[in-house]
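Please read them with the structure open beside you.

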Amino acid sequence: MTTLVLVLGDQLSLSLSSLRAADPASAIVLMVEVAEEASYVRHHRRKLAYILSAMRHHAEALRDAGWTVDYVPLEAAHGPASFTGEVAAAVERHKPDRLLVTEAGEWRVQAMLESWQTLFGVPVEILTDDRFIASHADFHSWANGRSDLVMEYFYREQRVRTGLLLTDGGKPEGGRWNYDKENRKPAESDLFMPEPPCFPADAITREFIALVQRRFQDLLGDLDEWDLAVTRGDALTAQAAFLDQALCSFGDYQDAMVSGAHRMWHSHLSPYLNSGLLDPLELYREFEARYRAGTVPLNCAEGFIRQIIGWREYMRGIYWLAGPDYVDRNFFGSTRGLPSFYWTGETDMNCMAQVLEQTWRYAYAHHIQRLMVTGNFALLIGADPNAVHLWYMEVYLDAYEWVTLPNTLGMSQFGDGGLVGTKPYVSTGQYINRMSDYCGGCRYDVKQRVGPDACPFNSLYWDFLARNRDKLGANRRMRNAYASWDRFGVDTQEKVRAKAAEVIAGLDEAPYGPGPGDQG
Ligand SMILES: Cc1cc2nc3c(=O)[nH]c(=O)nc-3n(C[C@H](O)[C@H](O)[C@H](O)COP(=O)(O)OP(=O)(O)OC[C@H]3O[C@@H](n4cnc5c(N)ncnc54)[C@H](O)[C@@H]3O)c2cc1C
Ligand code: SF4
């Protein structure tokens, strides 16, 4: 009996459920580099090279582990360059008795997997992705009957489900579930920042860098300064370095932003977790062990674990709960395209320029840069949440629809009207000034609301509140903001709104459509 096991590009885990259900002696693992997948979003070039190289290295790791691998490289497409076309060709080649695959990470690909049994006339078994603690059914039963889906309660249930950082009596270690209050300090640029390991490009990675440069010329993003792990071994080295050097300051400085510093105390592990090189379950156990051994304080361990078993799993749960049309939600009815400086980085706003420069250089920005700089600005100007989502899908190394969409359309753009967040994440320039050193080097004055030097975030923030009062006025968490706006008086309000209109009129709109991507 021949089993064909399909391993997708974000399933680069040796302990994947589909592999565990197959026998290396009689199974063939199929991996395909599909042009359709490489170009359905205009990926950052670094992201494309990373995924292709990590896939190729994973195929080698599978062979080393005793699997027979049928690997279809990009240049050797059989017939139409699509997933389904490649699987059809492989079914023809190997005549399997069954197809095994771990469930997909997004609706579009899951629909493809579900169509194959009928299409190919071969039984297709789709297995649960147990790299996540909460299955789709677990999240549905948690969400069922709740009026609001507050992450904190989901997180507590995840702690109980795993037993992580719990006492023998099932209570949270230290008596509290959440140590967030002790975190979130601004950072100074002269603080010691850890130097994470760099992984120079090997021959396979260099081949993909050249291929991406040659074949995807219209895509943007730097490929210089390659430092990414593309094997599980190197990703584990990156994980260990984070735990040893940065974890204890992660909580303190997770919201801080410093000019020219993109790594800071963040883990940079999301690309490895999301593509499968790292196993989140192993990571949790490592934290737990370090906490129990007394080498990691409780607030550090709890702060980081919350990000992964809490936020990461919660976002995945929301994505599958909300359904395939979540992507079309647009609570504010916003229609603007993003300004072209999101692609060029050419803007006088120093905060935006800093984050965009780093984004196009490294395909990385940390959470607060994504939420309170680029996301904040997009929401304030009334950008179409779907266009914003596509931009985030395009530029970040860790972008996969299941995690990008709820973060972008939900958390950042409030496009779902409050499924993810209880209020929109918007602010004036004051927040950015408090958490960063960006304003000191900016041509605008963060203290001014109107006038030629006024920080654009200031007028835009108040204008956003005024123009969306019908939708937000009754929100309890917005009450103080509206009370402040009402105290401005009509004359000031008019000036501020006129300034916001001037800022918006000065922005162009970059057309967004399917990019040319693959030049064939
Ligand atoms: C607008 C917007 C878009 C985002 N898009 C993505 C995305 O495409 N892919 C992605 O993995 N994350 C996304 N995030 C969440 C978060 O910004 C990134 O996970 C984080 O910046 C990755 O960098 P890091 O590994 O250094 O994370 P750290 O700051 O070191 O955090 C540790 C880990 O926690 C997890 N995590 C923390 N917050 C979240 C969250 N809100 N959602 C999911 N995981 C979380 C990640 O796995 C991350 O590696 C987005 C956030 C926003 C506001
Ligand atoms: S002054 Fe305004 S635009 Fe300039 S860096 Fe500060 S927040 Fe950004």
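**Notes on the ligand shells, domains and helix packing**

1. Ligand 1 is surrounded by 28 residues, of which the closest are His266, Ser267, Ser270, Gln307 and Thr404. Two or more residues of this shell come from each of α10 (270–275), α12 (298–322), α15 (367–381) and α17 (401–412), and α17 gives the largest share, with six residues. Please keep in mind throughout that this is a predicted model.

2. Which domains supply at least three residues each to the shell around ligand 1? They are domain 2 (136–200 + 231–323) and domain 3 (341–505).

3. Around ligand 2 there are 14 residues, and the closest of them are Cys351, Gly429, Cys439, Cys442 and Cys455. At least two residues of this shell are supplied by each of α14 (350–362), α18 (429–435) and α19 (456–467), with the largest share, three residues, coming from α18. By class, the shell around ligand 2 holds 11 nonpolar and three polar residues, and no charged residue.

4. For the chain as a whole, the domain assignment gives domain 1 (3–127), domain 2 (136–200 + 231–323) and domain 3 (341–505). The centres of domain 1 and domain 2, taken over C-alpha atoms, are separated by 29 Å. In the contact between these two domains, 10 residues of domain 1 meet eight residues of domain 2, and the side of domain 1 that touches domain 2 consists of five nonpolar residues, four polar residues and one charged residue.

5. Turning to helix packing, two packed helices are described by the angle between their axes and the distance between the axes. Helix α4 (residues 83–94) packs with helix α5 (residues 107–120) at an angle of about 40°, and their axes are 11 Å apart; that angle makes α4 oblique to α5. The crossing of α4 and α5 is right-handed. On the α4 side the contact is made by Phe83, Thr84, Val87, Ala88 and Val91, and on the α5 side by Met112, Trp116, Leu119 and Phe120. Eight of the residues in the contact of α4 with α5 are nonpolar and one is polar, while no charged residue takes part.

6. The axes of helix α9 (residues 232–253) and α12 come within 8 Å and cross at roughly 75°, and α9 and α12 are therefore roughly perpendicular to each other. From α9 the contact takes Leu247, Cys248, Phe250 and Gly251, and from α12 it takes Asn299, Cys300, Gly303 and Phe304. In the contact of α9 with α12 there are five nonpolar and three polar residues, with no charged residue.

7. How do the axes of α19 and helix α21 (residues 479–487) cross, and within what distance do they come? They cross at roughly 105° and come within 11 Å, which makes α19 roughly perpendicular to α21. The residues that make the contact are Trp462, Leu465 and Ala466 of α19 and Ala481, Tyr482 and Trp485 of α21. By class, the contact of α19 with α21 has six nonpolar residues, no polar residue and no charged residue. As noted in point 3, α19 also supplies at least two residues of the shell around ligand 2.

Terms used:
Residues are numbered from 1 along each chain as its sequence is written. Chains are lettered from A and ligands numbered from 1 in the order in which they are written. This is a predicted model: local features need pLDDT of at least 70, side-chain atom pairs count only at pLDDT 80 or more; totals for chains, interfaces and linings use all residues. Axes are lines fitted to C-alpha atoms, for helices over the stretch in contact, and angles run from 0 to 180 degrees between N-to-C directions. Helices (H or I, at least four residues) and strands (E, at least two) are DSSP runs, numbered from the N terminus. Angles under 35 degrees count as roughly parallel, over 145 as roughly antiparallel, 65 to 115 as roughly perpendicular and the rest as oblique. A crossing is left-handed if the near helix is turned anticlockwise from the far one by less than a right angle, and right-handed if clockwise. Two residues are in contact if their C-beta atoms, placed from the backbone, lie within 7 Å. Ala, Val, Leu, Ile, Met, Phe, Trp, Tyr, Cys and Pro count as nonpolar, Asp, Glu, Lys and Arg as charged, and the others, Gly among them, as polar. A residue is near a molecule or strand if its C-beta atom, placed from the backbone, lies within 6 Å of it. Domain bounds come from an automatic or database domain assignment.
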